[in-house]
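Work through the following exercises on charged side chains with the structure open beside you.

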Amino acid sequence: MVYSLAATTLTVAAPLGCDGSTAQGAEETADGDRRSSDVLVTGTDAEMLVLEVTQANKVVVRLPRVEVGQGVTTAVAMMIAEELDARLADVDIPLADARSEGNQFTGGSSSVSSLYGPARQLAATARAKLVTAAARRWHVPARTLRTRGTRVFAPDGRSATFGSLTRSAARITRPTVSTAPKPASKHRVIGRPTNRIDARDIITGKAKYTGDLTVAGAKPTVVARPPTLGGKVLSLDSRAARALPGVHAVVRIDGGVAVVAETFHHAFQARDALRIKWAPGPLAHLSDAEIRSRLRAAVPKLGTPPRGSAQTEAEFEFAFVSHAPMEVLTAVADVRSGRAEIWFSSQTPTTAREDIASAVGLPVSKVRVHVVRGGGSFGRRLNHDAAIEAALISEKARRPVKLMWSRTDDIRHGRMRPASQHRIRASHDRGRVVAFAHAMASVSESSEEQGLSTQGGTRSAVRAPAAAPLPSDSGLYNFGRLSGDSGSVGLAIPLGAWRSVDSGTVRTAEEIVVDEAARSLGKDPVAFRRTTLRSKTVKAVLDKVASAGDWGRTMPPGHAQGVAVHEEYDSCVACLVEIDAVDPKNPRVTKVVMAADVGTAVNPLGLEAQLMGTAVDGISTILRAGLHIDRGAVRESSFADFHYARQRHAPLHFEAHILPSRRDPGGAGELGVPAAAGAVANAYARATGTKPRRFPLNF
């Protein structure tokens with residue numbers, strides 16, 4: 001259905017589906033009331049985008065995604081600027097509050113691909129209305145007008161800003177020019193390497209994260225947490241803490257004891273003064289060795305290999321891994337009788353709003369969630385533990401709070417990538433692989449101990465999936481008979497989707513076996529992949545890294561190259577790595593070359609940054625970064641012992657090659673992790689003459 005409403009600014013939205021007469025996501029005043037700007041046109045897609053052209057000549061699109069450093073605001077601004085013929089500097093992409101309808105999910109490398117059509121269509125429709133408005137003002141045919149630089153131009157030289165046309169454009173129901181988006185051949189913004197629109201704000205400190213917000217009356221808050229996962233408070237003596245200056249409240253919650261104070265300094269002092277006796281958590285009897293033993297036992301047996309074939313077999317261990325985003329979890333909550341208002345960075349704000357409402361016993365309509373930019377995520381902000389906890393503390397303390405999880409809080413009590421065990425067998429006969437089998441087991445989140453994934457009685461909604469039958473990822477290759485299966489070990493450990501989710505271990509392990517199978521057959525790893533890969537596009541990215549990275553060049557002893565490929569999200573990538581493993585205990589990746597085909601690359605510069613990030617993830621999780629479990633507690637507590645790659649571990653040389661394509665965009669945010677990890681492992685194996693089986697290697 002199409003609605004046309006008079007308005008003082010041009011607003012185009014897709015679609016209408018809201019709590020009131022205006023589109024959800026339209027600009028709101030500080031007290032929560034909608035502006036008088038009404039919807040001009042509504043569509044039928046799930047994105048519910050709202051585009052407003054203000055009289056100040058600014059284009060505002062409230063984005064139903066969260067910016068966590070991946071550059072989605074820049075990509076969408078480029079889409080809008082392209083179709084609207086606006087200056088990129090005139091496009092503003094604030095984040096939309098949580099809605100009751102529509103898609104607000106940020107994850108699965110889906111943001112650019114899901115928004116590409118709706119955002120361009122929205123802007124093309126707005127442009128058509130602005131051109132029609134100008135034609136009526138000047139009494140000229142609309143087809144004679146042109147747009148550029150956020151203005152409409154007439155053949156005689158007259159021009160008007162979009163903002164000056166917004167009132168008349170708002171009354172137009174049927175534009176007299178096409179509302180179709182441009183063909184790719186006419187793109188002037190999309191596909192051009194572009195600096196982030198928020199780069200200056202980030203480096204100057206103007207960009208606001210949750211910890212930077214000033215909400216009236218919200219006091220700094222921290223939580224004393226148990227020494228073991230899922231531990232409970234047996235007794236509490238808070239007298240010494242309450243007597244300290246600046247302390248406003250001490251509140252018991254399911255996850256521990258919260259302290260609300262005048263400053264974070266006061267809050268941490270009081271937290272450390274609490275005298276708490278803890279009951280151990282349900283895993284107090286378990287450590288890494290026992291968990292790994294259970295995982296090995298849970299891996300399904302591989303079937304019988306083809307008769308007469310030789311076998312390349314391997315078994316791999318992957319440790320738990322923390323997300324550890326640079327910005328720790330922070331949430332501001334103001335819960336009062338009959339209403340709640342929360343500010344935090346969320347990849348799932350719609351679900352978060354529902355869960356917060358359930359936790360504090362309010363109707364969803366009485367809970368308002370403001371989505372704030374996040375300083376990294378890697379899947380961590382799919383869950384909203386901190387926001388639920390902040391809401392419960394605010395409710396009990398009867399005042400607004402600004403809750404911050406410390407780095408130690410999140411590493412020791414936050415979500416993590418599950419540990420997993422893999423058993424793989426490549427069967428070869430007469431110079432080729434004739435069967436490929438992959439069985440695995442991973443830790444799944446046990447339902448027997450709800451407290452670990454609960455903050456105050458409500459479960460965060462996004463969990464790492466339980467193990468399911470595993471379709472072998474090696475369908476990427478022409479490997480004959482493929483088989484896969486999986487098992488799981490249920491433990492009361494808080495798990496979460498970690499960047500690249502299952503592929504980060506499944507594909508990594510398989511790419512190592514592909515290298516070993518090539519070696520068994522006496523073939524070069526790149527040549528072997530070229531003859532067995534099914535996809536021409538995957539072969540193309542492999543060929544690109546092989547040529548750009550000078551595959552096969554002579555290297556000194558202890559140095560080697562490694563390669564791996566991956567295909568997912570309607571995209572594909574290849575990675576070539578060079579490593580210095582002269583000291584096998586302190587290897588250094590010296591060079592990374594990546595090539596990707598992601599369809600239309602809206603912002604090649606942003607895509608290069610994404611690939612660079614995945615390279616660092618691969619280096620980290622293969623060589624250095626993992627979590628140990630000691631008697632039900634996470635051993636690591638900060639970047640001092642959770643050894644994520646630092647500048648001195650980053651490659652001295654990095655290059656990314658984006659293959660041209662006219663296809664619509666695929667996904668890219670998680671794409672490079674498996675290829676990078678596999679290439680690092682393969683380079684290490686070749687440099688050291690070993691067969692790495694346990695990751696990270698320093699465990």
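The exercises below concern salt bridges in this predicted model.

**Exercise 1.** Find the partner of Arg368 in a salt bridge, and state which parts of the chain the pair ties together.

*Solution.* Begin with the distance: the closest N and O atoms of Arg368 and Asp97 are 3.4 Å apart, and because a salt bridge requires such atoms to lie within 4 Å, the pair qualifies as one.

**Exercise 2.** Decide whether Arg196 and Asp198, which meet in a salt bridge, are each buried, partly exposed or exposed.

*Solution.* The side chains of Arg196 and Asp198 meet at 2.8 Å, N to O. Arg196 has 26% relative accessibility and therefore counts as partly exposed. Asp198, at 4%, counts as buried, because buried means under 20%.

**Exercise 3.** Locate the salt bridge between Arg225 and Glu389, and determine whether these residues are buried or exposed.

*Solution.* The N to O distance for Arg225 and Glu389 is 2.8 Å. Arg225 sits in the loop between strand E8 (219-224) and strand E9 (232-237), while Glu389 is in helix H9 (residues 385-397), so that the pair links distant parts of the chain, 164 residues apart. Both Arg225 and Glu389 are buried.

**Exercise 4.** State how many salt bridges a search of the whole structure finds.

*Solution.* The search finds 42 salt bridges.

How values were computed:
Residues are numbered from 1 along each chain as its sequence is written. This is a predicted model: local features need pLDDT of at least 70, side-chain atom pairs count only at pLDDT 80 or more; totals for chains, interfaces and linings use all residues. Side-chain values use heavy atoms; hydrogens and water are left out. Helices (H or I, at least four residues) and strands (E, at least two) are DSSP runs, numbered from the N terminus. Buried means under 20% relative accessible area, exposed over 50%, partly exposed in between (1.4 Å probe, protein chains only).
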